[in-house]
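Colleague: Hi! Could you walk me through this one? I'd like to hear about the helices.

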Amino acid sequence: MPNPCIEEHAPHLQTRFDELVKSGMSEREAGRKVAMEEYKILHDELNVFKKSIGVKSSEYVSPDNSSKVKEI
């Protein structure tokens with residue numbers, strides 16, 4: 001089932017989202033996972049660009065704070 005948010009803002013991620021849901025993952029969890037994967041891809045692309053113009057790249061730090069939220 002198409003996720004309206006993904007469908008509207010990032011249709012290229014819909015296939016991955018559908019695969020995760022079909023494998024048994026909840027829609028909420030699948031949407032979050034797809035977003036985190038896309039964030040990593042964008043980060044890596046930005047670092048390639050930075051390197052191409054002579055700017056120091058930055059280390060990837062996952063914005064995933066789910067383990068910290070569980071501690072609360």
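Modeller: Happy to! One term before we start: a residue is called exposed when its relative accessible area is over 50%, and buried when that value is under 20%. Also keep in mind that this is a predicted model.

Colleague: Got it. Which residues of helix 2 are buried?

Modeller: Helix 2 covers residues 14-22, and its buried residues are Q14, F17 and L20. They sit on the same side of helix 2, because they cover an arc of only 125 degrees around the axis.

Colleague: And which ones are exposed on the other side of helix 2?

Modeller: Over there you'll find T15 and K22 exposed.

Colleague: What do the buried residues of helix 2 pack against?

Modeller: Two partners: helix 1 (4-9) and helix 3 (27-52).

Colleague: Let's stay with helix 3. How do the axes of helix 2 and helix 3 cross?

Modeller: They cross at roughly 140 degrees, and the two axes come within 9 Å. Helix 2 is therefore oblique to helix 3. As for handedness, the crossing of the two is right-handed.

Colleague: Nice. Which residues meet there?

Modeller: From helix 2 it's R16, F17, L20 and V21, and they meet E27, A30, G31, K33, V34 and E37 of helix 3. Sorted by class, this contact has 5 nonpolar, 1 polar and 4 charged residues. Notice that F17 and L20 turn up again: both take part in this contact, and both are among the buried residues of helix 2.

Colleague: What follows helix 2?

Modeller: That would be G24, and its phi is positive, near 115 degrees.

Colleague: Changing topic: where is E45 found?

Modeller: E45 is in helix 3. Its relative accessible area is 49%, so E45 counts as partly exposed.

Colleague: How far apart are E45 and E7?

Modeller: In sequence, E45 and E7 are 38 residues apart; in space, they are 23 Å apart from C-alpha to C-alpha.

Colleague: Great, thanks for the tour!

Note on methods: Residues are numbered from 1 along each chain as its sequence is written. This is a predicted model: local features need pLDDT of at least 70, side-chain atom pairs count only at pLDDT 80 or more; totals for chains, interfaces and linings use all residues. Side-chain values use heavy atoms; hydrogens and water are left out. Buried means under 20% relative accessible area, exposed over 50%, partly exposed in between (1.4 Å probe, protein chains only). Helices (H or I, at least four residues) and strands (E, at least two) are DSSP runs, numbered from the N terminus. The arc is that of the directions from the helix axis to the C-beta atoms. Contact means heavy atoms within 4.5 Å. Axes are lines fitted to C-alpha atoms, for helices over the stretch in contact, and angles run from 0 to 180 degrees between N-to-C directions. Angles under 35 degrees count as roughly parallel, over 145 as roughly antiparallel, 65 to 115 as roughly perpendicular and the rest as oblique. A crossing is left-handed if the near helix is turned anticlockwise from the far one by less than a right angle, and right-handed if clockwise. Ala, Val, Leu, Ile, Met, Phe, Trp, Tyr, Cys and Pro count as nonpolar, Asp, Glu, Lys and Arg as charged, and the others, Gly among them, as polar.
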